[in-house]
Amino acid sequence: MANGVHQPQEQPTEEEILAYLFPKSHKCPVCDKEFMDFAIKKSKLRSIGTDTDFLTTYKDIDPNHYEILFCAHCGYAALTNYFNVIVSRQQALIREKITPNYKPMEFPVPLSLEHVVQRYKQALACAVAMDAKPSIKAFINLKLAWVLRKTGRSKDLEIRFLKEALAGLKSAFTTERFPLGNMDESTAKYVIADLARRTGDFAEAMRWVGDLIISKSIPGSLKERAANLKDMIRDGIAT
Ligand SMILES: [Zn+2]
């Protein structure tokens, strides 16, 4: 199925979900205090499908629910991979703009969807406050859109965050050095094309994928994905 696997799976029990998680302690780069958060046992994950924009579906659990690290002391939150990517000027901005408004929150595991969304929104607020790179803001928006897609509850909200991710990636494409996260230039073009398609801008999607297909340096696996994507764009398939 071109659009990945989104049929309702048999609901795992709380105990089954907890078996994927383990507590991990961290030191916050903003307030210097230690805190504990939960991480996913990646070796336990079993992939059961991948969407056109690289959202991977796993058995029992959506690991994107646990992709935000959140310091309970000062309110600094970020994607796990970028949590320590913060310079002193940005630390000061978090202390100035985020910490004074932060009211301590608790997030029991397994995380509720409401708490997952709250954690992503806090990471977005922090990224804006600290003037993070467009690619970093784009990845938070993209992963939040993915979380919402998996729940199947709000297509409109998913599209809203996909649009933010698209704008961020386009900006990053022209202002940042590659790779963007783990995306090289060809992969970034492909993802931009797919996000434009998913948000209904077929002309823009065709422009990016067309540019990609004529490129000589594109690897075979991506070439195949790009050809499939071009067909979907031509057919006006947005989901
Ligand atoms: Zn902190």
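Helices here are DSSP runs of type H or I with at least four residues, strands are E runs of at least two, and both are numbered from the N terminus. In these terms Trp 146 lies in helix α4. The model is a predicted one.

**Trp 146 and Ser 135 in helix α4**

Helix α4 covers residues 134-151 and includes Ser 135. Trp 146, also in α4, has a relative accessibility of 9% and therefore counts as buried, the limit for that class being under 20%. Once residues up to four places away in sequence are set aside, Trp 146 touches Asp 53, Phe 54, Leu 55 and Asn 64.

**The zinc site**

Which residues coordinate the zinc ion? The donors are the SG atoms of Cys 28, Cys 31, Cys 71 and Cys 74, at 2.3 to 2.4 Å. Along the chain these donors have the spacing C-x2-C-x39-C-x2-C. Within this set, Cys 31 and Cys 74 are 43 residues apart and link distant parts of the chain. Cys 31 is in the loop between β1 (21-27) and β2 (34-40), while Cys 74 is in the loop between β5 (68-70) and β6 (77-79).

The arrangement of the 4 donor atoms is tetrahedral, because the angles they subtend at the zinc ion are 104 to 116°; the criterion asks for all angles between 85 and 135 degrees. Cys 31 counts as partly exposed because its relative accessibility is 24%. Cys 74, with a relative accessible area of 3%, is buried.

| Helix pair | Packing angle | Axis separation |
|---|---|---|
| α6 (residues 185-198) and α7 (residues 202-213) | about 160° | 7 Å |

On the α5 side, the contact with α6 is made by Ile 159, Leu 162, Ala 165, Leu 166, Leu 169, Lys 170 and Phe 173. The α6 residues that take part in it are Glu 185, Ala 188, Lys 189, Val 191, Ile 192, Leu 195, Ala 196 and Arg 198. Towards α7, helix α6 contributes Ser 186, Lys 189, Tyr 190, Ile 192, Ala 193, Ala 196 and Arg 197. These meet Phe 202, Glu 204, Ala 205, Trp 208, Val 209, Asp 211 and Leu 212 in α7.

**Arg 225 in helix α8**

Helix α8 (residues 220-234) contains Arg 225. Is Arg 225 buried or partly exposed? It is partly exposed, because its relative accessible area is 28%. Excluding neighbours within four places in sequence, Arg 225 is in contact with Thr 50, Asp 51, Thr 52, Phe 54 and Tyr 190. Arg 225 and Tyr 190 are 35 residues apart in sequence, with a C-alpha to C-alpha distance of 8.4 Å.

**Backbone geometry**

Most residues other than glycine have a negative phi, and most peptide bonds are trans. The following positions depart from that pattern.

The peptide bond from Val 109 to Pro 110 is cis, with omega near -5°. Pro 110 is located in the loop between α2 (88-97) and α3 (113-129). Phe 178 and Pro 179 are also joined by a cis peptide bond, with omega about 0°, and Pro 179 sits in the loop between α5 and α6.

Asp 60 is not a glycine, yet its phi is positive, near 70°. It is found in the loop between β4 (56-58) and β5. Asp 131 has a positive phi of about 55° and lies in the loop between α3 and α4. With 49% relative accessibility, Asp 131 counts as partly exposed.

Terms used:
Residues are numbered from 1 along each chain as its sequence is written. This is a predicted model: local features need pLDDT of at least 70, side-chain atom pairs count only at pLDDT 80 or more; totals for chains, interfaces and linings use all residues. Side-chain values use heavy atoms; hydrogens and water are left out. Donors are N, O and S atoms within 2.8 Å of the metal (3.2 Å for Na, K and Ca); water is not among the atoms, so sites may look incomplete. Four donors count as tetrahedral if all angles lie between 85 and 135 degrees; four count as square planar and six as octahedral if opposite donors are over 155 degrees apart and all others between 65 and 115; anything else is irregular. Buried means under 20% relative accessible area, exposed over 50%, partly exposed in between (1.4 Å probe, protein chains only). Axes are lines fitted to C-alpha atoms, for helices over the stretch in contact, and angles run from 0 to 180 degrees between N-to-C directions. Contact means heavy atoms within 4.5 Å.
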